[in-house]
Amino acid sequence: MNSYLRDKLGALAVCCFLTALLIYGGLVTGLVFKEPDVCWLLGSGRWIVEHGQLPSSDPFSYTTHYLGAPYVIEKWLTEVIFWLLYAKTTAYGLLIFDAVLLAIASVIIPYRLAFLCGWRGYRAMGLSLVVMLASVSRLACRPEIFSYLFAGVWMEVMIRSDRKCKNTDQIDWIAVAVLATCTILWSNLHTTFMLGVALPLVYSLSQVAERVLVPELRTKPFNWTMPIAFVACLLASLINPYGIGLWTYLPYVFGGFTKTNNEMQPIWHAQPWVPTYYPFYVLLFIGLKSLWLTRRQPLQKGDLFFKALIPAAIAGAFNTVRTIPISDLFMAGAIPRIEPEDRQSEPDDFLFRVANPMKPAWIALCLVTTAIGAMLMTKAVPPEIAQGSKAFAPPLKAIAWLDKNAPKGNMLNLAHFGAVMIFEMEHNPPDFIDPRYNLFGNDLLQDYWKMIDCKDNWQQLMQHYKIDWTFLPPTQELSKRLAHDPDWQLLYSDDVSAIYARKHKLQ
């Protein structure tokens with residue numbers, strides 16, 4: 001193939017890639033604000049900024065004490081960042097920030113990982129495209145976007161350090177400093193920071209196992225970079241408002257309530273044949289193929305860690321669909337890393353010049369393209385908070401009514417209604433529950449389902465929690481029952497919500 005034709009094909013590949021990024025930005029706009037979670041994130045961030053401190057007890061609900069756990073806002077820095085962005089730049093600014101961060105994590109970093117491991121041209125670009133498509137299944141404006149970013153950062157730093165320290169005992173202090181510094185941020189942004197502590201530890205253990213399994217490696221110097229990084233990251237994770245209390249709170253974050261959370265279900269419980277999962281299956285196939293092709297390849301330093309990362313990432317994604325983007329990033333780093341050097345690709349001249357992921361100009365072009373795609377889609381889907389969808393309609397009219405006519409006493413509300421109230425109301429009536437499920441615990445969550453669905457001992461539970469009024473969809477079973485109960489009175493109703501109160505409380 002002559003150079004002219006090769007350059008034309010390269011230009012076509014770049015145009016297709018940027019078009020995909022344009023569409024990706026549009027998908028971010030179309031999807032991320034449809035989740036009610038962004039409402040309580042913004043409402044909580046506003047409270048922290050306005051009061052200049054973290055709350056010692058929950059300012060939005062009256063039932064968190066039933067959990068019997070310390071009150072910990074483990075995502076507090078995300079909430080503050082989101083609120084400041086929203087307050088200074090409106091929903092448009094928050095949307096562009098989200099789109100750019102997702103593009104860095106799911107497009108730029110995977111491309112860089114492949115490039116660092118010797119992949120060039122179409123192969124590196126193709127792997128990045130698959131990871132980008134796989135991330136569409138979990139697009140969100142939520143704290144986990146920071147975990148996607150940091151998971152990618154960890155992979156790049158560890159790949160760089162792995163190559164730098166391959167045959168030397170010199171400690172890569174830059175890698176240690178970067179990981180420790182990022183851990184301070186990560187541990188205040190999202191609970192998945194524990195991965196940042198675990199990865200250097202697993203690498204260190206794999207390094208020991210390699211020396212046990214391959215006698216030839218015992219003659220090479222043992223490098224202490226990752227063991228030191230593990231200790232540094234562990235200590236850095238304690239730099240947060242709760243100290244060691246953040247670690248002891250983690251069991252509550254991943255408690256029993258996750259069994260009823262669709263996002264935390266295994267992939268086979270979450271409609272596994274939905275098309276948005278197909279790119280992940282492609283990545284899975286590529287990862288397993290790489291393991292098979294390298295099965296007889298002699299182990300070199302670091303190989304065991306990156307080989308083990310592929311099945312671990314696949315298992316994590318199958319166990320919990322929410323982890324798919326992080327699993328994608330792990331495989332994006334591991335697949336090209338374990339490939340023998342004699343199978344690595346030669347650089348394509350045009351793509352190497354124009355689409356080099358290490359050049360700031362290419363990174364900027366990708367991010368600007370994503371932002372343009374996100375902005376173009378706002379013409380069709382204006383970035384509103386709270387934003388309605390087929391799955392959920394925010395009860396904005398009812399909340400406006402409640403602002404002036406809120407009944408007294410304990411409210412039983414739909415969880416997502418609670419999220420919208422936290423954002424829309426300066427001082428919302430304390431809710432029974434909202435999507436911050438870790439603050440309430442599994443026992444209260446199950447009682448909530450029993451009451452609103454009128455199952456088992458729901459009437460006794462209504463008495464136990466001293467429910468005085470309800471704020472639920474009119475189609476909810478409890479609303480239907482109360483409509484015919486002479487002890488309850490309808491105060492407000494529309495197509496989205498109905499508010500009932502005990503008659504004796506109105507007297």
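Is the crossing in which α7 passes α8 left-handed or right-handed?

Modeller: The crossing of α7 past α8 is left-handed; a crossing has this hand if the near helix is turned anticlockwise from the far one by less than a right angle, and is right-handed if clockwise. This is a predicted model, in which local features need pLDDT of at least 70 and side-chain atom pairs count only at pLDDT 80 or more, while totals for chains, interfaces and linings use all residues. Residues are numbered from 1 along each chain as its sequence is written, and side-chain values use heavy atoms, with hydrogens and water left out.

Helices here are DSSP runs of H or I with at least four residues, and strands are runs of E with at least two, numbered from the N terminus. Two packed helices are described by the angle between their axes and the distance between the axes. The axes are lines fitted to C-alpha atoms, for helices over the stretch in contact, and the angles run from 0 to 180 degrees between N-to-C directions.

Helix α7 covers residues 193–213 and helix α8 covers residues 225–236; they pack at about 155°, with axes 8 Å apart. That angle makes α7 roughly antiparallel to α8 (angles over 145 degrees count as roughly antiparallel, under 35 as roughly parallel, 65 to 115 as roughly perpendicular and the rest as oblique). On the α7 side, the contact (heavy atoms within 4.5 Å) is made by Gly196, Val197, Pro200, Leu201, Tyr203, Ser204 and Gln207. On the α8 side, Met226, Pro227, Ala229, Phe230, Cys233 and Leu234 take part. By class, these residues are 10 nonpolar, three polar and no charged. Ala, Val, Leu, Ile, Met, Phe, Trp, Tyr, Cys and Pro count as nonpolar, Asp, Glu, Lys and Arg as charged, and the others, Gly among them, as polar.

Helix α8 has another partner, helix α6 (residues 173–189): the axes of α6 and α8 come within 8 Å and cross at roughly 25°. That makes α6 roughly parallel to α8, and their crossing is right-handed. From α6, the contact includes Trp173, Val176, Leu179 and Ile184. From α8, it includes Met226, Ala229 and Cys233, and these three also belong to the contact with α7. The contact of α6 with α8 has 12 nonpolar, three polar and no charged residues.

For comparison, consider a pair elsewhere in the chain. Helix α4 (residues 121–135) and helix α12 (residues 324–338) have axes that come within 9 Å and cross at roughly 170°. Therefore α4 and α12 are roughly antiparallel to each other, with a right-handed crossing. Leu127, Val131, Ala134 and Ser135 of α4 meet Ile324, Asp328, Ala332 and Pro336 of α12. This contact has six nonpolar, one polar and one charged residues.

One detail within a helix is also worth a look. Most residues other than glycine have a negative phi, and most peptide bonds are trans. Thr90, which is not a glycine, has a positive phi of about 65°, and its place is in helix α3. Thr90 counts as partly exposed because its relative accessibility is 43% (buried means under 20% relative accessible area, exposed over 50%, and partly exposed in between, with a 1.4 Å probe and protein chains only).
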